[in-house]
Amino acid sequence: MSKERYIAAKQTWAEKQKARGVTARAVASRDRLPPGQKLTDGFPVLDLGVQPEIPLGEWRLKIDGLVDQPVELTWEQFHALPPVADVSDFHCVTTWSKFDCRWGGVAFTTLYELAQPKPEARFVYFTSYDGYSTNVPLAACLDDDVLVATSFAGAPLPREHGGPARVIIPKLYAWKGAKFVNGITFLAEDKPGFWEVRGYSNTANPWTEDRYA
Ligand SMILES: Nc1nc2c(c(=O)[nH]1)N[C@H]1C(S)=C(S)[C@@H](COP(=O)(O)O)O[C@H]1N2
Ligand SMILES: [Mo]
């Protein structure tokens, strides 16, 4: 399927779900598997039809916006930061979930301390090498399970899953985690990302089935 048809299909699906009244459920689930999700043993791949190839020597992660110390990290500089490892569950809005994903990388809070966002910064806008973007409230990024991951299950993060580096925000639907990430911008005002402008929920809480806005 072409990239345009794929995007249009997902957008139409969001509109149909909304027409059926599926936007958000008022009642949160306490199960490990969020409501409306099915467990998968595999690891499906979702992207925009492009998996950009980024040589590690050319890879950069730019952190800018409302920060006191804008930085542009090379691969070496990124890996000189304190590493973190975390095991978390992964929930895609298209109703599959994967348990016990073992990620390694650098904690979002480490990058936050490095760039020193100004007090006005309340939102984060992530950008990617494939043209993707997504937005998250800063408060949600400061959980200790949020990271920029460069490894999965003990091996370098494969390109199809967003390598060299991707964002993982376990408590939100997975579209809030940018694969092929290359930019983290701190903003005072919210700015909807790629799927958020195409009918997906801005808040994306799997536990309340907050799928479409
Ligand atoms: N750069 C980029 N990041 C992205 C996407 C994308 O298309 N491009 N898709 C999102 C969606 S909808 C999901 S469910 C997850 C899928 O990650 P996976 O392919 O590793 O399963 O990545 C998210 N991050
Ligand atoms: Mo997704």
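Student: Where does ligand 1 sit, in terms of the cavities of this model?
Tutor: This is a predicted model. Look at the space taken by ligand 1. That space is the largest cavity.

Student: How many residues surround ligand 1, and which are the closest?
Tutor: The shell holds 22 residues. The closest of them are Pro44, Leu46, His161, Arg166 and Lys179.

Student: How do the residues of that shell divide into nonpolar, polar and charged?
Tutor: Charged residues number 6 in the shell around ligand 1. Polar ones number 3. The nonpolar residues number 13.

Student: Which side chain has a polar atom 2.8 Å from a nitrogen atom of ligand 1?
Tutor: A polar contact needs N or O atoms within 3.5 Å. Ser128 has a polar side-chain atom 3.3 Å from a nitrogen atom of ligand 1. Pro44 uses a polar backbone atom, 2.7 Å from an oxygen atom of the ligand. The side chain at 2.8 Å from a nitrogen atom belongs to Asp130.

Student: How much of the area of ligand 1 does the protein bury?
Tutor: Taken alone, ligand 1 exposes 540 Å². Of that area, the protein buries 99%.

Student: How many aromatic pairs does a search of the whole structure find?
Tutor: The search covers the whole structure. Its count of aromatic pairs is 18.

Student: What kind of pair do the rings of Tyr112 and Phe186 form?
Tutor: Their centres are 6.2 Å apart. Their planes meet at 65°. Planes over 60 degrees apart count as edge-to-face. So the pair of Tyr112 and Phe186 is edge-to-face.

Student: Which parts does this pair tie together?
Tutor: Tyr112 lies in helix H3, and Phe186 lies in strand S11. These parts are 74 residues apart in sequence. So the pair ties together H3 and S11.

Student: Which peptide bond is cis, with omega near 10°?
Tutor: Look in the loop between strand S9 and strand S10, where Pro164 is found. The cis bond runs from Gly163 to Pro164.

Terms used:
Residues are numbered from 1 along each chain as its sequence is written. Chains are lettered from A and ligands numbered from 1 in the order in which they are written. This is a predicted model: local features need pLDDT of at least 70, side-chain atom pairs count only at pLDDT 80 or more; totals for chains, interfaces and linings use all residues. Side-chain values use heavy atoms; hydrogens and water are left out. A residue is near a molecule or strand if one of its heavy atoms lies within 4 Å of it. A polar contact is a pair of N or O atoms within 3.5 Å; within protein, one must be able to donate a hydrogen and the other to accept it, and residues adjacent in sequence count only if both atoms are side-chain atoms. Accessible areas come from the Shrake-Rupley method with a 1.4 Å probe; for residues, only the protein chains shown count as cover. On a 1 Å grid over the protein atoms alone, a cavity is a set of points where a 1.4 Å probe fits but cannot get out, and a pocket is an open set with protein on both sides within 12 Å along at least five of seven lines; lining residues have an atom within 4 Å of a point. A molecule sits in a cavity or pocket if more than half of its atoms lie within 2 Å of its grid points. Ala, Val, Leu, Ile, Met, Phe, Trp, Tyr, Cys and Pro count as nonpolar, Asp, Glu, Lys and Arg as charged, and the others, Gly among them, as polar. Rings of Phe, Tyr and Trp (its six-membered ring) pair if their centres lie within 6.5 Å; planes under 30 degrees apart count as stacked, over 60 as edge-to-face and the rest as tilted. Helices (H or I, at least four residues) and strands (E, at least two) are DSSP runs, numbered from the N terminus.
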